[in-house]
Each structure stands twice: as structure tokens, then as C-alpha cells.
Amino acid sequence: MSNTMRKTLHEVMTASKFAVVGLVATLIHILMVWFLMKIFSQPPFAANALAFFTAFGFSYMGHYHWSFKSQAKEGNSFRRFFLVAGSAFLLNNILLVYMLEKAYFSELISVVISVFIIPLYTFIGSRFWAFK
């Protein structure tokens with residue numbers, strides 16, 4: 001196997017692991033919101049905030065130890081990943097509001113576009129900065 005092919009395979013495996021962790025974190029977020037709202041009668045905003053931080057913790061640990069197998073100091077990686085995730089959330093909302101206000105696409109298409117763009121941004125920021 002050539003060196004280029006080996007590097008490509010490594011990147012595909014890293015991206016696949018990143019996707020798995022992201023999907024599980026999303027599931028945790030959704031289930032936690034439901035649990036907090038239905039079982040503990042928490043208001044949606046509070047439930048969403050608590051669920052975000054729970055899912056973020058899972059996501060960070062999964063990416064640090066599995067997706068990227070980072071050798072960087074955990075404190076540095078944690079702060080950097082928090083900035084990447086927080087800016088991704090902000091960017092997602094800005095992009096969504098922009099698309100909805102300009103009415104380039106339907107609401108559903110706008111959400112789908114933002115859902116596909118933001119993970120790419122998060123992967124690149126995580127891969128080349130947060131976990132280095």
C-alpha cells in the first residue's frame with residue numbers, strides 16, 4: 001500500500017470515528033433534553049443547556065481518546081475544542097438565520113444545509129487545531 005493511500009485511509013478512519021462520536025453525542029443530547037423535560041419538568045432552554053454540556057463532555061472525551069487519539073495536554077485540547085464547538089454552534093445559527101431571512105431555500109433545506117456544513121467545520125477545527 002502506498003504512503004498516500006495509507007494517509008488517505010487514516011483520514012477516512014478518523015473522519016468515520018468523528019462521525020460516530022458526533023452521532024452518539026447528538027443522540028445523548030436529544031435523549032437528555034427529553035428526559036429533563038418529561039421526567040424533571042425542566043423548561044426547554046434549561047434542559048437544552050444541560051443536555052448540550054453533557055453531550056459536549058461525551059464528545060470531547062470520545063474525540064480526544066478515540067477519534068483523534070490526541071497526545072496534546074487535555075486542558076489545552078478541552079479549551080480549544082470548546083471554542084471550536086461553541087463557534088460551530090454560533091456559526092450554525094448565523095448561517096441558518098441568514099438562509100431563512102434571505103429565503104434562498106425552504107426552512108427544511110436551510111436546516112439540512114447547516115447540518116451538513118457545520119460538522120465539516122467542526123471536524124477541520126478539531127483535527128487540525130483542537131486536538132493537536
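1. Of the contacts in the protein chain between residues at least 6 apart in sequence, what percentage join residues at least 24 apart? The figure is 61%, where contact means heavy atoms within 4.5 Å.

2. This is a predicted model, in which local features need pLDDT of at least 70, side-chain atom pairs count only at pLDDT 80 or more, and totals for chains, interfaces and linings use all residues. Residues are numbered from 1 along each chain as its sequence is written, and side-chain values use heavy atoms, with hydrogens and water left out.

3. Confidence comes next. The predictor's confidence in each residue is given as pLDDT, from 0 to 100. The protein chain averages 92, and 100% of the residues score at least 70. The mean is highest in H1, at 95, and lowest in H4, at 88. Where pLDDT is low, predicted coordinates should not be read in detail.

4. The protein chain has four helices and zero strands, in the order α-α-α-α from the N terminus on. Both kinds of element are DSSP runs numbered from the N terminus: helices are H or I with at least four residues, strands are E with at least two. Along its principal axes, the C-alpha trace spans about 50 × 40 × 25 Å.

5. Of the 132 residues of the protein chain, 30% count as buried. Buried means under 20% relative accessible area, exposed means over 50%, and partly exposed lies in between, using a 1.4 Å probe and protein chains only. The chain exposes about 8,900 Å², with carbon and sulfur atoms supplying 74% of that area. Accessible areas come from the Shrake-Rupley method with a 1.4 Å probe; for residues, only the protein chains shown count as cover.

6. Helix H2 covers residues 44–67. Its buried residues include Ala47, Ala51, Phe56, Ser59, Tyr60, His63 and Ser67. The buried residues of H2 pack against H1 and H3.

7. Ser59 is buried, at a relative accessible area of 9%. Apart from neighbours within four places in sequence, Ser59 is in contact with Val21, Ala25 and Phe81. The C-alpha atoms of Ser59 and Val20 are separated by 9.8 Å, although the two residues are 39 apart along the chain. Ser67 is also buried, with a relative accessible area of 4%. Leaving out neighbours within four places in sequence, Ser67 is in contact with Thr14, Lys17, Phe18, Val21 and Gly62. The side chains of Ser67 and His63 are joined by a polar contact of 2.9 Å. A polar contact is a pair of N or O atoms within 3.5 Å; within protein, one must be able to donate a hydrogen and the other to accept it, and residues adjacent in sequence count only if both atoms are side-chain atoms.

8. Helix H3 runs over residues 74–102, which is 29 residues, and reaches 41 Å from its first C-alpha to its last, close to the 42 Å expected at 1.5 Å a residue. The expected span is 1.5 Å times one less than the number of residues. Among the buried residues of H3 are Ser77, Phe81, Val84, Ala88, Leu96 and Met99. The buried residues of H3 pack against H2 and helix H4, residues 107–130.

9. Which residues form the salt bridge? Arg127 and Glu11 do, with their closest N and O atoms 2.4 Å apart. The pair links distant parts of the chain, since Arg127 is in helix H4 and Glu11 in helix H1 (residues 3–38), 116 residues apart. A salt bridge is a side-chain nitrogen of Lys or Arg within 4 Å of a carboxyl oxygen of Asp or Glu, and by this rule the count is one. Arg127 counts as buried at 14% relative accessibility, while Glu11 is partly exposed at 27%. Side chains of opposite charge can pair when their charged atoms come close.

10. Positive phi values deserve a check. Ser41 has a phi near 55°, positive in a residue other than glycine. Ser41 sits in the loop between H1 and H2 and is exposed, with a relative accessible area of 59%. Lys69 follows H2 and has a positive phi near 45°. Lys69 lies in the loop between H2 and H3 and counts as exposed, at 53% relative accessibility. Just after H3, Ala103 takes a positive phi of about 55°.
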